[in-house]
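User: I am new to this one and would like a short tour. Could you take me through it step by step?

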Amino acid sequence: MNYYESKDLARFAEVGKFRKELMDKFFDYYGEATGTDGALTKREKALIGLAIAHFKQCPYCIEAYTSQCLENGSNPDQMTEAIHVASSLAAGMILVHGVQMQNVLMKHDAM
Amino acid sequence: METLELPLPQAQTYSFEAALDSHKLDLKPLSLETLQINITKLCNQACLHCHVDSSPKRTEQMDERTATRVVEILAQHDDIKKLDITGGAPELNPHFEFVVKEARKLGKHVMVRHNLTVQFDGNPQTGASMTHLPEFFAEQGVEVISSLPYYQEFYTDKQRGLGVFKKSIDAMRRLNDVGYGKPDSGLMFNLVYNPVGAFLPASQVGLEADYKRELKEKFDLVFNNLYTITNMPIHRFAESLKRRGGYEEYMEKLVNAFNPGAAEGVMCRSLISVGYDGRLFDCDFNQMLEMQVTTGVNGSTRHRTIFDFDASELMQRNILFDAHCYGCTAGAGSSCGGATA
């Protein structure tokens with residue numbers, strides 16, 4: 001058995017079997033935030049979603065947002081740039097902690 | 001000894017009529033505004049998603065008798081305003097130019113589904129040149145509708161074959177040079193987008209803006225409108241989905257995206273499709289599935305052809321639906337003229 005099954009994505013709503021009202025609020029919020037054109041277009045939102053899906057490495061979201069990006073008119077060049085944004089932020093988040101490292105190095109009079 | 005009967009896996013079926021019933025939709029014919037004729041299955045290309053399974057090896061051609069009958073029907077019916085000529089590559093039928101000229105003399109709006117590359121490839125069976133097509137189209141004042149799956153080379157060649165994008169760009173330039181797509185020329189040049197894979201098309205308006213910007217900036221090309229079309233889960237595309245195990249997933253995507261508004265605008269309500277052999281169908285997809293128009297009542301029903309064309313009976317017909325019709329009703333809808341909702 002795999003922990004992640006593609007077909008399970010279609011069962012997402014079943015999480016609302018208990019405390020359905022909370023899940024309903026989530027779906028309303030999610031649909032409004034991601035599925036409508038606002039100050040950002042649905043295409044831009046889908047690219048943000050794809051980048052976050054990769055950052056959080058969620059297989060469900062990667063599958064869903066790859067389709068979302070295609071169905072909102074993005075192409076592989078644009079989608080790949082989006083995940084490079086996520087990737088470079090992740091790298092930056094590691095590297096900026098180098099300042100913490102240097103603070104400690106200085107504390108130990110080691111730099 | 002008792003036999004244990006194991007349930008056999010059943011192929012999933014998708015009832016389009018059930019979807020219509022659940023939305024209380026009764027899709028009757030509205031008009032016979034467009035006569036769409038598929039005059040050949042011969043094509044210089046063999047595209048991945050072609051619902052006609054056209055290729056350079058196909059031999060089916062509308063003959064002179066049938067082509068002449070098409071012209072007669074156009075002459076007899078003022079309510080048929082448009083002639084939509086498709087294939088294959090329709091220019092590869094020997095009677096193509098006769099039909100175009102006669103239809104234009106009758107004042108009909110003529111649309112040609114022109115694949116662009118045939119201008120350079122010519123007839124794959126006879127070697128006949130087709131370089132004159134832009135001038136012929138312009139002289140006749142026909143609307144040219146051409147598939148360009150994407151404004152980039154990668155997706156276009158993936159779907160239509162290596163080198164097709166570059167050839168299509170050159171062919172578009174020749175059409176632009178005679179006035180097609182140019183403001184005030186009166187020569188309409190429309191492009192068709194269909195997804196490269198098993199997903200729904202993006203918004204027609206948004207994609208049209210992308211195509212116009214990219215084709216202008218990179219190639220200095222212009223066109224009028226972009227039509228987005230959903231890939232139909234039949235023939236070559238259905239087979240490729242089944243080989244990859246994606247048929248059920250694609251069908252579920254179409255079913256889940258059923259849009260009653262798109263259903264009301266389906267093209268079969270205002271169109272009759274004519275096969276190369278003169279048989280009548282509700283649309284080009286039904287034609288490829290051999291779902292021939294039948295009219296009459298119990299006991300006296302019969303299949304219809306162009307040779308017994310009866311407009312009043314055709315307006316009373318029951319349009320034939322099947323699972324593939326979900327392709328026309330998903331999302332913003334899909335038709336030979338693009339989105340319908």
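User: What do the buried residues of H2(A) pack against?

Analyst: In this predicted model, the buried residues of H2(A) pack against helix H1 (20-34), helix H3 (59-71) and helix H4 (76-96) of chain A, together with helix H8 (204-219) of chain B. Contact means heavy atoms within 4.5 Å, and buried means under 20% relative accessible area, with exposed over 50% and partly exposed in between (1.4 Å probe, protein chains only). Helices (H or I, at least four residues) and strands (E, at least two) are DSSP runs, numbered from the N terminus.

User: Which are the buried residues of H2(A)?

Analyst: They are A:Arg43, A:Lys45, A:Ala46, A:Leu47, A:Gly49, A:Leu50, A:Ala51 and A:Ala53.

User: What span should H2(A) have, at 1.5 Å a residue?

Analyst: Its 14 residues (42-55) should span 20 Å, and the end C-alpha atoms are 20 Å apart, which agrees. The expected span is 1.5 Å times one less than the number of residues. H2(A) is followed by A:Gln57, whose phi is positive, near 50°.

User: How are residues and chains labelled, and what limits apply?

Analyst: Residues are numbered from 1 along each chain as its sequence is written, while chains are lettered from A and ligands numbered from 1 in the order in which they are written. Local features need pLDDT of at least 70, side-chain atom pairs count only at pLDDT 80 or more, and totals for chains, interfaces and linings use all residues, with side-chain values using heavy atoms and leaving out hydrogens and water.

User: Now the sheet. In what order do the eight strands of chain B come?

Analyst: They form an open sheet with mixed pairing, in the order S6-S5-S4-S3-S2-S1-S7-S8. Two strands pair if DSSP finds at least two bridges between them. S6 (226-228) and S8 (280-281) of chain B stand at the edges with a single partner strand each, so one side of each is left without a neighbour in the sheet.

User: How many bridges join S5 to S6(B)?

Analyst: Three bridges join S5 (residues 189-193) of chain B to S6(B), and the two run parallel. B:Val192 stands opposite B:Tyr227 in S6(B).

User: Changing topic, what volume has the largest cavity?

Analyst: The volume is about 670 Å³, counted as the space filled by probe spheres set on grid points joined across faces, edges and corners. A cavity is a set of points on a 1 Å grid over the protein atoms alone where a 1.4 Å probe fits but cannot get out, and lining residues have an atom within 4 Å of a point.

User: Which element gives the most to that lining?

Analyst: S4(B) does, with three residues.

Definitions and conventions:
On a 1 Å grid over the protein atoms alone, a cavity is a set of points where a 1.4 Å probe fits but cannot get out, and a pocket is an open set with protein on both sides within 12 Å along at least five of seven lines; lining residues have an atom within 4 Å of a point.
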